[in-house]
Amino acid sequence: MDTFANFLGGTAALFGDPVGVLIFFGGVVGGMLFGAIPGVSMLTLAAILLPFTAHLKPEHGIMLFSVIYCTGVYGGAITAILFNIPGAPENAPTAFDGYPMTQKGKAGKAVGAAVMCSAIGGTISCIVMMIATAPIADWAISAFGPPEIFALVFFGLAVAASVGAKTFWKGWLSIMAGLMIAVVGLDPVGGMERYDFNMPYLLAGIHFIPTILGFFAVSEIFVQAEKKATGSYKAPKISVDFPTFRELWAHKIAVVRSIIIGFFCGILPGIGATLAAFMGYNEAVRWSKDKLEFGKGKLEGVISSETANNAATGAAMIPLLALGLPGGALTAMMVGVFQMHDMEPGPLVFINSPDLVWVVFAAMFFANLSILFVGFLETKTIINLLRIPFQFLAPMILLLATVGAYAVRGLVIDVVVMFIAGVAGYFLRRSGYSVAGIVLGLILGKIGEQTFAQAMQMLHFEFSGFLQRPIALGLLIAGFLTIGGSIYGAFFRKGPKAATMS
Amino acid sequence: MTLRKYLISAAVAAGFTLATTGSAIAACATDDLPAEMAGPDGFPARALTMVVPYGPAGGSGQVAQAMAQAVSDLTGVSINRDHKPGGSGTVGMTAYMATPADGYTVLEHIDDAASAHALDSARPNPAEALIPLVTSQITFSQIYIRTNEDRFTDWASFVDWVKAQDGKATIANVSKEGSMERVTMKFITDATGMQIQQISFDKGAPRYGALAGGQVDALFEQPGDVRKFLDADKFKPILTILKEAPEAFADVPSLTDAGLDFEPLFRFRGFYVKADAPEERVKWLQWAFQKAYCQPSYQKYNESKFMTLIESFRDTDGSKELITSTIAQYRDVYKEMGLEVR
């Protein structure tokens, strides 16, 4: 009852202040726009706005960032679905099935599902955040250390490899290629230099944003250009048919599963929405009877990914507000906003500034709801970009991707990496390898390597230490069972060998 | 040859000792600089760029933002921050060294630049390849435990407990090879005879979460970075890695109190311009950045990060001295540790 009263109080404070309302809607629209443009993500907007928040009231500054967070995570889904350009890494799995749906003339359904599920995932996550921030935060940091996070990543990779490509071996080789790319640069624990070939820029490793842009957007341009040259190109049909209630209801289990996965990944400091989206997608594939259909334009793929990444947003606020531990880059910037106002996120915020906390909670709740309305309006217009002929659209996408790759760190090498990934992606896709698997290997590989090294240090370099940590053990067993299942499916079961994700 | 002999750097030690006791009564360091200074030939005619070799949310990103704001408030000149994270500052440094030496691009960097040069002389020496405009943050480290910890409650009981664990005790830090944290931990373990497993977390949140969640037994950190946990009474310091404890941590044993005889290493952050930039422009930048250090907004920021407990300010000469002595300190320690010094 207290929670509801506090929520009403926060809502009244939010909408009773015209400046607050203005900032709220500015954040909603700004997050969606910046989230939708590759490279210039919500983080770019947040970095631009950070100094200006010093001139805002503390509750307005924090609220603005939290609203940008909610809508920015959703915004990247649109370009992922329409053009195979994930606006941010957490939207990459959305492109796996969203873009094939666009090619099949079902862009409206994919975008509609992304809108609905982002709103549902974000709103429910927000409600849980309001009810149980403190106990969940305490549980998460005590139950999940590096061994558990490594085991989670291992499980994720095991699932991804089993669904990633045309054959069992190509799936694993794709994942391994991603893992190999992930080890370029300084090792995350000892700082040893690896595969840098005396190039200082490689010490920072291969950044996953240009890699994603290359493997997804650039390679897709090459594929479509080849079709255009050979006369087999077909422009995607324009459709603004949103999914029906019945279609969405049919995926209710996927939604609930992704909410749980997304929330769970979101509350782990340093993990966040990207792992949430990949895990949500992977689990959808694992539990589906139609594994073969994933990657070819299955609505459930979009639903699972978008529900999970938005479910991570509310969850990521839990360690931030309750413990002062940001879960990702944007929540880390929120710490800066707090500090500009002589405040620190953490347990004292609830005691010293309860009004601020509840304005932020209310704003996040309504920001997720607003995805429904603004998202529908936005997509009704943006889908029409597909009407642009390929010969004009392709250079625009290449330009956007190039700007996006360069904008990450302002380094030309990132643009070079993007084009190398684009060319490699083109040939790998033709050969039946999974570019999604490579990207997944790259992203999870960085997290996995670091947490594995930390886990081994914590467990005094004894593998048996994993056996004494029930959650880690459970996840490792699940991973090994998944690998065993995929080996059985690939070599001993009659019928199709594995799902295809082109 | 004792390690201590290698480590003694009289200038640094004396400077920090004096600063520890003197900062509370001193006026701000650059109050005597002129309130205004005209740039040479209209310099700067456009916004400056500040290359920051770390992300916007960490300690470097925050100090860069605070200093850029203070310089802009003082001079009316905008400063665009260009974050180039990666490779422990190497990427940003390399990118900066490729920029024109026209004074329009400045660099933020931390003591990692000095330790990187100490390990590999091919890396730029910040005191020679660059001109330090100002060092605006110098801080010390502490060892923290959870406030509700019941296995040990202070430094003495912690050392006893760690020794009884036979190498199984853990401490979270940034234990990259040759880092300030790793070197300092070597000093401590050598001096106490305790064995402790260092768990390396390169980002703050998981590092602090590891202590708060009980994943590790202790944490090595600077006080400004964990202030919120101290204010919330979640963490408590059990050792201050300084010869003398500052007033704010008077009840926490210092190195001297704990009987640990080594020269402490410091975390410092400052701002630089290329050594071959036009001299008159460099003079204006030195004035702007040193004067900005005393802007109320910057002082308030430093205070919030516990950066006023010891004197954080060094001008160009003071910064060069600090960097040079730090490089010498690290180089000797690295040799002592058996690392390959190039």
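This briefing walks you through a chain contact, a helix pair and a sheet. The model is predicted. In it, chain A touches chain B through 43 residues of chain A and 42 residues of chain B.

**Where the chains meet**

- On the side of chain A that touches chain B, at least two residues each come from helix 6 (107-143), strand 1 (185-186), helix 13 (299-323), helix 14 (329-340), helix 15 (347-352) and helix 19 (435-458) of chain A.
- Helix 14 of chain A gives the most to this side, with 6 residues.
- Sorted by class, the side of chain A that touches chain B has 25 nonpolar, 15 polar and 3 charged residues.

**A helix pair in chain A**

- Look for helix 9 (residues 208-230) and helix 17 (residues 390-409) of chain A, which pack at an angle of about 165° with their axes 10 Å apart.
- Because angles over 145 degrees count as roughly antiparallel, helix 9 of chain A is roughly antiparallel to helix 17 of chain A.
- The crossing of helix 9 and helix 17 of chain A is left-handed.
- Residues making this contact include A:Leu213 and A:Ile221 of helix 9, and A:Ile397 and A:Ala401 of helix 17.
- The contact of helix 9 with helix 17 of chain A divides into 14 nonpolar, 2 polar and 1 charged residues.

**A sheet in chain B**

- In chain B, 5 strands form an open sheet with mixed pairing, in the order 2-1-3-10-4.
- Strand 2 (79-83) and strand 4 (130-139) of chain B each have a single partner strand, so one side of each is left without a neighbour in the sheet.
- Neighbouring strands of this sheet are turned by 25° against each other on average, direction ignored.
- Strand 1 (residues 48-52) and strand 2 of chain B run parallel and are joined by 5 bridges.
- B:Thr49 has B:Asn80 in strand 2 of chain B as its bridge partner.

Technical notes. Residues are numbered from 1 along each chain as its sequence is written. Chains are lettered from A and ligands numbered from 1 in the order in which they are written. This is a predicted model: local features need pLDDT of at least 70, side-chain atom pairs count only at pLDDT 80 or more; totals for chains, interfaces and linings use all residues. Two residues are in contact if their C-beta atoms, placed from the backbone, lie within 7 Å. Helices (H or I, at least four residues) and strands (E, at least two) are DSSP runs, numbered from the N terminus. Ala, Val, Leu, Ile, Met, Phe, Trp, Tyr, Cys and Pro count as nonpolar, Asp, Glu, Lys and Arg as charged, and the others, Gly among them, as polar. Axes are lines fitted to C-alpha atoms, for helices over the stretch in contact, and angles run from 0 to 180 degrees between N-to-C directions. Angles under 35 degrees count as roughly parallel, over 145 as roughly antiparallel, 65 to 115 as roughly perpendicular and the rest as oblique. A crossing is left-handed if the near helix is turned anticlockwise from the far one by less than a right angle, and right-handed if clockwise. Two strands pair if DSSP finds at least two bridges between them.
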